[in-house]
Amino acid sequence: MTERTPTAPDRPLTRALHAAAAERGLRGGDALPDVPELFALVRDMPYARADTHEPAGIIAGWRGTCSTKHELLAALLAEAGLRSTVMACTQEIRPPAGAPAELLALSGGQPVVDVHNYLVVHAPQGDMTVDATWPLAAAAAGLPVNAAWEWGQDQVIACTPLDTWAVPEGESVAAFKDRALRARYTPQELERREAFIQGVGRLFLAQSR
């Protein structure tokens, strides 16, 4: 399994997250964020494609989708002394009926295929499912948002998983996801998926400005 293990006692990524959040007026002072706040800061980054899968670059761009948000969160948790495993699952995206018209239009009324990522965090209180995909603001669109980190308590996964795997040890999340997508879906389905994700990203970025 792909796990992040405790590293970097000086916590450079956490310091970078703190600085980026402070620049945006999201936190102040010198104290670094604790684990629940690490989760909240990553969760509330706008949902949109990041330019990189490198954690420092994700912080600099201040955006991410399910894969990049959870790659970043896993790295931040490792700095805080927590192991985590990146998970992947197939899903069919179906915007809720009460979602804004713009979001419903992006799906064209048909399910959109995807491979979703989330974490299993190996906390002292027990393994817990963690999903930071949707920012709090997405709750207004009827999307599944996890409002708080509760130690030892599973969070809601931002989809209904179909097939589920732990990302294999030594393989990048992006490479595993790409292979799973291409093995299961047609080029036409993948093209529609890409258009949907790009459209949702534009929608959330516009709302965050």
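Reply: Searching the whole structure for disulfides (pairs of cysteine sulfur atoms within 2.5 Å) gives zero. The closest cysteine sulfur to that of Cys 66 belongs to Cys 159, 8.2 Å away, which is too far for a bond. For Cys 159, the closest cysteine sulfur is in Cys 89, and that distance of 3.7 Å is also too far for a bond. Cys 66 counts as buried because its relative accessibility is 3%, and Cys 159 counts as buried at 14%. Buried means under 20% relative accessible area, exposed means over 50%, and partly exposed lies in between, using a 1.4 Å probe and protein chains only.

This is a predicted model, in which local features need pLDDT of at least 70 and side-chain atom pairs count only at pLDDT 80 or more, while totals for chains, interfaces and linings use all residues. Residues are numbered from 1 along each chain as its sequence is written, and side-chain values use heavy atoms, with hydrogens and water left out. The protein chain has a mean pLDDT (the predictor's confidence in each residue, from 0 to 100) of 90, and 94% of its residues reach 70 or more.

Now the core. A nonpolar core is a set of buried Ala, Val, Leu, Ile, Met, Phe, Trp, Tyr and Cys residues joined through side-chain atoms within 4.5 Å. The largest one has 39 residues, and Leu 73, Leu 77, Leu 119 and Val 130 are among those with the most contacts inside it. Helix α4 (66-79) is one of the elements that each supply at least two residues of this core, and α4 gives the most, with six. Helices (H or I, at least four residues) and strands (E, at least two) are DSSP runs, numbered from the N terminus.

All 14 of the 14 residues of α4 are buried, so this helix is largely enclosed by the rest of the structure. Just after α4, Gly 81 takes a positive phi of about 95 degrees.

Leu 119 touches residues including His 70, Leu 73, Ala 74, Leu 77 and Val 130, leaving out residues up to four places away in sequence. Contact here means heavy atoms within 4.5 Å.

A second, separate core of 16 residues includes Tyr 47, Leu 103, Val 112 and Trp 134.

Gln 155 lies in the loop between β4 (126-130) and β5 (164-166). Gln 155 is buried because its relative accessible area is 9%. Beyond its neighbours within four places in sequence, Gln 155 is in contact with residues including Val 130 and Trp 149.
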